[in-house]
Amino acid sequence: MVQLQDNKTLHVAIIGGGPGGLATAIALSALSNVEVHVTLYEKARELREIGAGLNIGYNSWRCLELLGARSEVTGHLIDEVQQRNGLDGNLLAKRGPSSLPVKYQSRRVRRTRLQRSLLSQVPAGIIQLRKELISIENLPEGGASLNFSDGTQAFADLVVGGDGIRSVVRQTAFPDHNIKFTGTTIWRTLVPSSLISHIPDVPTCTSWWHGTAGHVYFSPVDDPSETDSENQEIEISARFLVDPETDKVRRWSWGVDTTNENVEAHFTNYDPRVREALSKVPKDSWKEFSAFAGPRLNELHAWNKLVLIGDASHPLTGAFGSGAAFAMEDGWILAQGVEYVFSTLASKQSSFSKDEGLRKVLSIFDTIRSPYYKRMYQHLDNMKAKFAGVADTFEGRLQARIAAFSEGGLDWIYQNDIEQVWKEWLQQKDDSIPGQVDASFVSSSL
Ligand SMILES: Cc1cc2nc3c(=O)[nH]c(=O)nc-3n(C[C@H](O)[C@H](O)[C@H](O)COP(=O)(O)OP(=O)(O)OC[C@H]3O[C@@H](n4cnc5c(N)ncnc54)[C@H](O)[C@@H]3O)c2cc1C
């Protein structure tokens, strides 16, 4: 069993090198007043993103700024979003350019750009690849022992579960929590723009083409001022819904290969423009994702030493199209909590132990992030209730979708400023969170 080396340094193990894990590694490594030793364990052989593009909006830009990682994130400025009837192609609604300053407007970016940019800010030597966590042991004397599939072990005072939708950390902390297939299958790919640029109305802006049981989504992912026209690509994301209760197919949650025939077979009744675009997708370039989701967790931490971030903490499979932002926000807030407790608070109080400090950190993290996720689950419940009340016809569901699009009302997500959230917490905080300070743990630099 690995033993705690010393009592001065906080040993943090981050599991997973997605946006959440990388953001946490950057934010914790940047703390100057606390001695934190960070190791990020990732099961993959290399950090490689699959899954085409993603939206980077105001909430993500603010995180990237705080992490010093925004400069390499470029992509297509989403200046127009169209909603169409996918069967006859009629334009039903559109949203024009945002009133935000251009640098904060939403862009569709290649996932690889976000990952590269975050990776560039992670200090060297922190990431260990090919380390698949298989179990965690709660050490009674403090900390946890991590067991990896290659037979090795590691010790940590704090384990950060950034290991995504099928989190081992979540399964360890909350063994009764289960995720299941929601009924939605998503196929995603990036296509060279030149292959579909001749099709009217498809590649010009971000557009949703709604059908009877799903939709097809198109969005350019490159900034024409930065990418040559021959290298520009367009993302196609197609969704199809089945009844999860009757579905008998074996499902994989993340990025498996599939055939063009399989994808196209689900959209044969769509507008000819959509069908033509799908027919131009190069062979073997689609990836299939089955959406899994699970209930809300009442707490985002356990054992006073495990904490969940990103998809591990709220398995919603991209329900708001902003999961990378949530994951980065979690990581940044966690780091602020560590600094606040082990630096600011520690310098004011006479003594508290490492365990007590961690209790405070996790309590702060939960106080800030749990209500936010609760609000998201509540919103999804409200939407479900609203949709249950609409006529069960294609037109009825389409009208409800367009109404929800036009209504907006999700600025509390898309315009969340995580730094402001932290400042507001600092203003109304209650320092009487139980705990004692052990002066020996306070960083020597204080
Ligand atoms: C179809 C779809 C569309 C989406 N669109 C958007 C969008 O437009 N904008 C947006 O912001 N978000 C979007 N999301 C959500 C976004 O992809 C996720 O929310 C985000 O990637 C979550 O980041 P994460 O770091 O929590 O987890 P992940 O990105 O899932 O990373 C988890 C990491 O942990 C590693 N790992 C897993 N298990 C272990 C283990 N046992 N040991 C070691 N390592 C492990 C994995 O290999 C992986 O690298 C979308 C999601 C889907 C499915």
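A: A crossing of two helices is called left-handed if the near helix is turned anticlockwise from the far one by less than a right angle, and right-handed if clockwise. In this predicted model, the crossing of helix 2 and helix 8 is left-handed. Two packed helices are described by the angle between their axes and the distance between the axes. For helix 2, residues 58-66, and helix 8, residues 323-348, the axes cross at roughly 40 degrees and come within 9 Å. Helix 2 contributes Asn 59, Ser 60, Cys 63, Leu 64 and Leu 66 to the contact. From helix 8 come Ala 325, Phe 326, Met 328, Glu 329 and Trp 332. Sorted by class, the residues of this contact are seven nonpolar, two polar and one charged.

Strand 14 pairs with strand 5, residues 81-85, in the parallel sense, over five bridges. Within that pairing, Trp 209 of strand 14 is the bridge partner of Arg 84. Strand 14 is also joined to strand 15, residues 214-220, by five bridges, and these two strands run antiparallel. Strand 14 and strand 15 form a hairpin, with two residues between them. There, Gly 211 stands opposite Gly 214 of strand 15.

Key:
Residues are numbered from 1 along each chain as its sequence is written. This is a predicted model: local features need pLDDT of at least 70, side-chain atom pairs count only at pLDDT 80 or more; totals for chains, interfaces and linings use all residues. Side-chain values use heavy atoms; hydrogens and water are left out. Axes are lines fitted to C-alpha atoms, for helices over the stretch in contact, and angles run from 0 to 180 degrees between N-to-C directions. Helices (H or I, at least four residues) and strands (E, at least two) are DSSP runs, numbered from the N terminus. Contact means heavy atoms within 4.5 Å. Ala, Val, Leu, Ile, Met, Phe, Trp, Tyr, Cys and Pro count as nonpolar, Asp, Glu, Lys and Arg as charged, and the others, Gly among them, as polar. Two strands pair if DSSP finds at least two bridges between them.
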